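Trainee: I am new to this structure and would like to learn how to read its features one at a time. Could we begin with the interior and then move on to the sheets and the loops?

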Amino acid sequence: MGSMTLTQLRESVKFHAQNSRNATDALLDRAINSTYLHVTQPHIYQHRRMKAKVALPLVLNTDIYALDSTTVATYQGTNTQSNQFLAWTTAIFWDTATYPFPTSTRRKKLVPISDDDMDRSSLKTGSEPSSYIVDGERFEINVYPPSGDVGKFIELRGYVQPALLTTTSSTLNLDEMWDDIIIVGAAWRMSRALGEFNRSAEFRAEFGQLIAEAVNYDMVEGENDDIAFSVAVDDNMRSM
């Protein structure tokens with residue numbers, strides 16, 4: 001995990017931004033947490049510590065399931081961050097109503113399809129799910145589960161939003177190399193909020209460069225799964 005506490009992050013951001021006098025703890029915390037949310041977006045970088053799983057039990061004759069954070073909290077899973085999923089990557093049908101799944105359980109990976117394909121397909125009864133769509137906070141499968149499959153699971157895997165830093169002893173749940181990136185990104189946001197636009201532009205450029213270096217390095221190391229993307233540091237992640 002990141003080695004710096006929220007208190008240490010505050011001091012480092014102020015130091016990096018030349019100790020701006022008007023930087024209150026509330027402003028610093030907002031800048032730090034906004035940057036934390038920014039860099040953990042899956043389209044920016046797929047952090048292994050943001051990976052999570054939930055096991056959704058099938059319900060008789062029900063093809064649509066809720067994926068809002070409140071409902072997700074009721075599912076079995078391995079998530080330790082939050083119940084707010086940012087992206088779903090995989091759906092697997094497990095032929096068992098037992099959780100955790102017995103090691104000998106048969107399983108089948110479901111195929112993601114488009115809304116149009118789902119609309120054109122005929123829902124089947126008496127068969128296992130084979131395809132699915134995720135539409136916002138709605139998960140839909142291509143079958144109405146029969147009584148024999150009630151209670152069996154579909155395991156959904158994806159990336160979650162991290163728990164925000166709310167206490168002075170809180171630490172980032174990222175590799176330590178991201179500490180400096182969070183500091184620079186928070187300096188960018190803080191300077192912008194204080195109207196220090198020239199310095200903000202410098203920090204923004206530095207932030208983008210550090211992310212690009214981190215992504216390229218870890219892609220070589222193989223952490224970032226099977227996806228590569230360019231990093232555009234723009235205002236679409238603005239939360240301040």
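Mentor: Let us start with a term: a nonpolar core is a set of buried Ala, Val, Leu, Ile, Met, Phe, Trp, Tyr and Cys residues joined through side-chain atoms within 4.5 Å. Please keep in mind throughout that this is a predicted model.

Trainee: Which residues touch the most other members of the largest nonpolar core?

Mentor: The general idea is that in soluble globular proteins nonpolar side chains tend to be buried together. In this structure the largest nonpolar core has 33 residues, and those that touch the most other members are Val13, Ile32, Val39, Trp178, Met190 and Ile211. Two or more residues come from each of helix H1 (6-16), helix H2 (25-39), helix H5 (178-193) and helix H6 (197-221), and H5 gives the most, with 9 residues. There is also a second, separate core of 20 residues, which includes Ala52, Phe139, Leu156 and Val160.

Trainee: How should I read a sheet, and in what order do the 5 strands of the open sheet stand?

Mentor: Strands of a sheet pair through backbone hydrogen bonds, either parallel or antiparallel. Here the 5 strands follow the order E3-E1-E11-E4-E5, and their pairing is antiparallel. Strand E3 (76-77) and E5 stand at the edges, and because each has a single partner strand, one side of each is left without a neighbour in the sheet.

Trainee: What is the order of the open sheet of 4 strands, and which strands are at its edges?

Mentor: That sheet has the order E2-E9-E8-E6, with mixed pairing, and its edge strands are E2 and strand E6 (111-112), each of which pairs on one side only. E6 pairs with strand E8 (residues 131-135) in the parallel sense over 2 bridges, and Pro112 stands opposite Tyr132 in E8.

Trainee: Turning to the loops, is Gln46 buried or exposed?

Mentor: Gln46, in the loop between H2 and E1, counts as buried because its relative accessibility is 9%, and buried means under 20%. The side chain of Gln46 makes a polar contact with the side chain of Tyr159, at 3.5 Å.

Trainee: Which residues make the nonpolar surface patch?

Mentor: Val59, Leu60 and Val150 make a nonpolar surface patch of about 220 Å². Leu60 is found in the loop between strand E1 (51-57) and strand E2 (64-66), and with a relative accessible area of 42% Leu60 is partly exposed.

Methods
Residues numbered from 1 in each chain as written. Predicted model: local features only at pLDDT ≥ 70, side-chain atom pairs only at ≥ 80, totals over all residues. Heavy atoms only, no water. Buried < 20%, exposed > 50% of the residue type's maximum accessible area, 1.4 Å probe, protein only. Patch = residues over 30% accessible without salt bridge, like charges linked within 9 Å, V, L, I, M, F, W, Y side chains within 5 Å. Areas by Shrake-Rupley, 256 points an atom, 1.4 Å probe, with all protein chains shown as cover. Salt bridge = Lys/Arg side-chain N within 4 Å of Asp/Glu carboxyl O. Pairing = 2+ DSSP bridges. Polar contact = N/O pair within 3.5 Å; in protein donor to acceptor, adjacent residues only side chain to side chain.
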